[in-house]
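Here is a friendly briefing on the structure shown below. Please keep the 3D view open as you read.

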Amino acid sequence: MTDANNNISRLDSSLSDKWKFRFDFFDKHGVPGLGAPSPEFQAAIKQLHWKDRIKVGMNFYAFFFSFIYLLVLGLWRQAILLVSAGLALGFIGGMLGVPDSVMNGLGVGLTMACGVRVNALYYQKKVLGREDWRV
């Protein structure tokens, strides 16, 4: 990553210390994608204290408030995709007569995916300037 990208995360006064920590970690070790993270990323995250691992790897606001939190962060494209996926799962599950317990599990899985991905998505928006439809 370039020094210009590092300076963005440090100089943006609207970012909390938690976001700055995450952004600095991503600057140094890369951003996890949808697949398995790089070996360098995995090694670096294993070096962190367990609280810092959770800070980098999970966003509890995104888990509990999902698409609303995405909208607050300005990730409206991803919010649309999340709501669309939830509606599609609900519609297909209803049409196939899937039990409620399975549907609840799928809903929790969808919000868990949101909680795990939002840190990287927000980094890509704020630091890399990438605002696209990628999840």
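What follows is a short tour of this predicted model, from the overall fold to single residues.

The protein has seven helices and zero strands, with helices (H or I, at least four residues) and strands (E, at least two) taken as DSSP runs numbered from the N terminus. Residues are numbered from 1 along each chain as its sequence is written. Local features need pLDDT of at least 70 and side-chain atom pairs count only at pLDDT 80 or more, while totals for chains, interfaces and linings use all residues, and side-chain values use heavy atoms, with hydrogens and water left out.

**Overall fold**
- From the N terminus on, the elements run α-α-α-α-α-α-α.
- Along the principal axes, the C-alpha atoms fill a box of roughly 55 × 30 × 20 Å.
- Of the 135 residues, 35% are buried, where buried means under 20% relative accessible area, exposed over 50% and partly exposed in between (1.4 Å probe, protein chains only).
- Among contacts (heavy atoms within 4.5 Å) with a separation of 6 or more, 66% join residues 24 or more positions apart.

**Helix H2**
- H2 covers residues 17-29, and its 13 residues reach 18 Å from first C-alpha to last, close to the 18 Å expected at 1.5 Å a residue; the expected span is 1.5 Å times one less than the number of residues.
- Its buried residues are Trp19, Arg22, Phe23, Asp24, Phe25, Phe26 and Asp27.
- Just after H2, Gly30 takes a positive phi of about 90 degrees.

**H2 against H4**
- H2 and H4 (residues 50-57) pack at about 85 degrees with their axes 9 Å apart; axes are lines fitted to C-alpha atoms, for helices over the stretch in contact, and angles run from 0 to 180 degrees between N-to-C directions.
- The two helices are therefore roughly perpendicular, a label for angles of 65 to 115 degrees.
- Lys18, Phe21, Arg22, Phe25 and Phe26 in H2 meet Asp52, Lys55 and Val56 in H4.
- These contact residues divide into four nonpolar, no polar and four charged; Ala, Val, Leu, Ile, Met, Phe, Trp, Tyr, Cys and Pro count as nonpolar, Asp, Glu, Lys and Arg as charged, and the others, Gly among them, as polar.

**Helix H7**
- The 27 residues of H7 (residues 100-126) should span 39 Å at 1.5 Å a residue, which agrees with the 38 Å between its end C-alpha atoms.
- H7 has a kink of about 45 degrees centred on Arg117, the bend being the angle between axes fitted to the seven residues ending there and the seven starting there.

**Phe23**
- Phe23, in H2, counts as buried because its relative accessibility is 0%.
- Phe23 and Gln124 are 101 residues apart along the chain, yet their C-alpha atoms are separated by 9.4 Å.

Notes: Angles under 35 degrees count as roughly parallel, over 145 as roughly antiparallel, 65 to 115 as roughly perpendicular and the rest as oblique.
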